Amino acid sequence: MIKIVKRDQPSRAIFFLTPILAIFLTLVAGGLIFYIIGFKPFEALKFFFIVPIADMYGFSELLLKATPLCLIAIGLSFCFKSNNWNIGAEGQLTFGAIVSGGVALIFYEQEGFYILPIVILAGAIGGMLYASIPAILKTYFNTNEILVSLMLVYVSKLILDYLVVGPWSNPEGFNFPETRQFSDSARLPILFDGLRIHAGIFLALAAVVASWFIFYKTYLGFQMKVSGFSLKTAKYAGYKGKKMIILVFLISGACAGLAGVGEITGPIGQLHREVSPDYGFTAIIVAFLGRLHPIGIIFASLIVAITYLGAETAQIFMQIPKYTGQVFQGMILFFLLASDYLLFFKIKFTGLKK
Amino acid sequence: MIIDIHFIGLIITSIMASAVPLILASCGELITERSGVLNLGVEGMMIIGAISGFAFMTVTGSLFIAVIGAMLAGVLISTIFAFLTQTLITNHVATGLALTIFGIGISAMIGKNFVGIPGKEFPVLFESLKDTIPFLSPILFGHSIVFYFAFALPFFTNYFLKKTKIGLIVRAVGDSPESASNQGINVKLVRYSCILYGGAMCGLAGAYLSMIYTPQWIENMTGGRGWIALALVVFSTWNPIKILIGAMIFGGLTIIQFHMQAMGVRVPVQFLTALPYIVTIIVLVVISRDSRKIRLSTPSSLGKSFYKDN
């Protein structure tokens with residue numbers, strides 16, 4: 001017989017093992033889906049997860065996609081740890097890209113060492129401004145942050161669309177929905193010739209280190225943890241709840257904004273319609289898969305980034321629709337949440353009894 | 001400008017038509033939330049309903065099978081959510097998000113083979129009466145059965161919650177699962193049923209979009225309607241009748257946007273398209289400002305997991 005017993009305390013070993021279990025289950029289920037839609041499961045999985053990163057270029061592409069995911073997920077972990085459901089990182093990314101793009105356009109055809117820092121800062125500020133809307137509405141008007149931050153995603157994409165089609169569109173661009181190319185001084189340098197990986201990766205790594213420090217070495221990190229466990233306890237301890245809500249939203253907005261900067265000032269070097277292939281939403285999965293832990297998020301961002309690359313390769317080589325990437329992302333989160341059951345419950349095999 | 005009364009009737013009709021998917025999805029979600037479960041997967045369930053309805057229609061040729069199939073697809077996908085949140089006690093918000101991401105992905109995957117296929121004409125009721133009364137008849141007659149069902153649904157839902165015993169049980173489970181459980185009510189069963197019902201209604205809402213409102217399959221064709229439906233539930237303060245009002249306002253915003261573009265109003269298209277989302281935020285702020293009222297009307301256990309040791 002199988003007996004299910006509640007654990008006295010969540011198991012710590014399982015806390016870090018379940019993400020691996022979730023990835024394994026996702027691969028199994030993914031293979032099954034490939035089989036159902038008429039592909040050889042192992043071959044499809046190979047094209048999805050191994051072929052894309054088999055060479056140097058592929059590996060650089062992996063880092064390129066993992067960078068924004070990691071950055072945003074680090075920011076989101078501040079929100080999620082303290083029980084704030086910011087699910088509009090995609091909007092904060094877009095708005096950050098808009099603001100930094102706008103600043104970069106001001107410096108059109110100008111050179112100078114000071115331009116790039118200003119452009120980067122502008123992106124972070126843009127993201128913060130946009131994240132402050134749900135934060136302020138939540139703290140002072142009691143408004144649900146989930147819905148507000150999500151609605152703002154749609155609004156930001158429409159603002160971007162308006163700008164690149166209308167006032168900011170390239171006057172010599174034959175009406176393509178894109179702006180002028182930014183000057184070289186406004187662009188994040190490419191790290192290796194022939195590859196697309198750019199200096200934005202250092203922003204992500206800096207965010208990882210900073211977040212680790214804040215989470216585990218500062219009073220603020222402790223406050224966040226307590227508020228995440230129990231809002232009542234936090235209140236009882238006299239923490240300034242409103243200030244903290246706004247702060248975590250600002251941090252998370254800044255990270256998303258920086259991810260936006262990386263997307264437009266890196267290899268592309270201009271604002272265009274599709275700044276991000278839903279990095280802001282996917283990063284939610286990355287944050288959970290990484291267990292809201294900075295190191296975990298690094299690994300999670302690399303794994304989830306493969307789903308982007310895999311979807312592209314599988315589409316080219318096997319005509320598997322590229323949305324399979326999203327299916328995999330959804331499944332990872334499903335299986336991760338499901339395997340959390342093992343955190344709180346033990347499954348005991350007790351042998352047959354009458 | 002002479003305002004033609006018949007023309008106004010037509011505008012109201014088109015507003016009602018665009019309100020239908022919102023009413024269906026919101027009323028479904030309202031029941032789910034009244035039982036204490038917050039399912040953020042509305043968008044995902046709607047898009048699954050949209051592709052399933054369209055696919056069943058194309059493959060079987062039967063509209064009836066297609067509508068039922070879409071609802072069953074909604075039920076099927078919400079079963080994943082129900083199993084995770086109720087049996088494996090996962091976080092409602094995260095699970096709902098996963099459902100939406102998964103739903104959008106799966107729908108695009110299935111939908112690949114259905115892009116560009118023309119839809120079928122959906123039969124309408126009382127078509128012969130359409131020209132009898134100048135202002136009223138286009139509003140009242142000549143619509144699909146789903147249309148009539150949607151406008152009756154808030155009243156049924158209201159009656160169900162307030163006057164029937166099962167409705168009372170649903171509310172009890174949502175307000176205090178502990179006491180309900182002590183009274184011998186199977187909380188898990190009630191919540192499972194409410195989630196599955198919500199799934200069916202979202203599936204139907206999706207099918208309305210892909211089969212009746214714009215009869216074709218377009219990727220991501222729900223375009224955020226699921227999220228607006230979720231906002232409508234808050235807007236209504238969990239009262240089905242108010243969903244009707246809210247859905248008409250949002251339907252109105254969508255339609256006005258088309259008419260303003262047609263009349264050549266010099267406002268950027270993107271601003272008009274953004275209007276429903278901006279208004280949603282404003283409305284949420286106005287409604288939620290009164291925190292006492294929100295607390296009184298929100299199902300007390302909304303979004304909280306319930307676990308009973310046996």
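What share of the contacts in chain A with a separation of 6 or more comes from residues 24 or more positions apart? In this predicted model, the share is 78%.

## Overall build of chain A

Let's start with the secondary structure: chain A holds 14 helices and two strands. Its radius of gyration is 22 Å, close to the 20 Å that the globule rule gives for 354 residues, so chain A is as compact as a globular protein of that length.

## Where chain A meets chain B

Now to the partner chain. On one side, 36 residues of chain A take part, and they are in contact with 40 residues of chain B. Four helices of chain A each supply at least two residues of the side that touches chain B: α5 (115–141), α6 (145–165), α11 (279–289) and α13 (324–339). Sorted by type, the residues on this side of chain A comprise 25 nonpolar, eight polar and three charged.

## The nonpolar core

The largest nonpolar core counts 205 residues, and those with the most contacts inside it come from both chains: A:Ile72, A:Ala73, B:Ile23 and B:Leu24. Helix α9 (residues 187–213) of chain B gives this core its largest share, 17 residues.

Leaving aside residues up to four places away in sequence, A:Ile72 touches A:Ala89, A:Leu93, A:Cys255, A:Ala256, A:Ala259, A:Tyr279, A:Gly280 and A:Ala283.

Definitions and conventions: Residues are numbered from 1 along each chain as its sequence is written. Chains are lettered from A and ligands numbered from 1 in the order in which they are written. This is a predicted model: local features need pLDDT of at least 70, side-chain atom pairs count only at pLDDT 80 or more; totals for chains, interfaces and linings use all residues. The radius of gyration is taken over C-alpha atoms; the globule rule is 2.2 Å times the number of residues to the power 0.38. Two residues are in contact if their C-beta atoms, placed from the backbone, lie within 7 Å. Ala, Val, Leu, Ile, Met, Phe, Trp, Tyr, Cys and Pro count as nonpolar, Asp, Glu, Lys and Arg as charged, and the others, Gly among them, as polar. A nonpolar core is a set of buried Ala, Val, Leu, Ile, Met, Phe, Trp, Tyr and Cys residues joined through C-beta atoms within 7 Å. A residue is buried if 20 or more other C-beta atoms lie within 10 Å of its own, exposed if 12 or fewer, and partly exposed in between; C-beta atoms are placed from the backbone.
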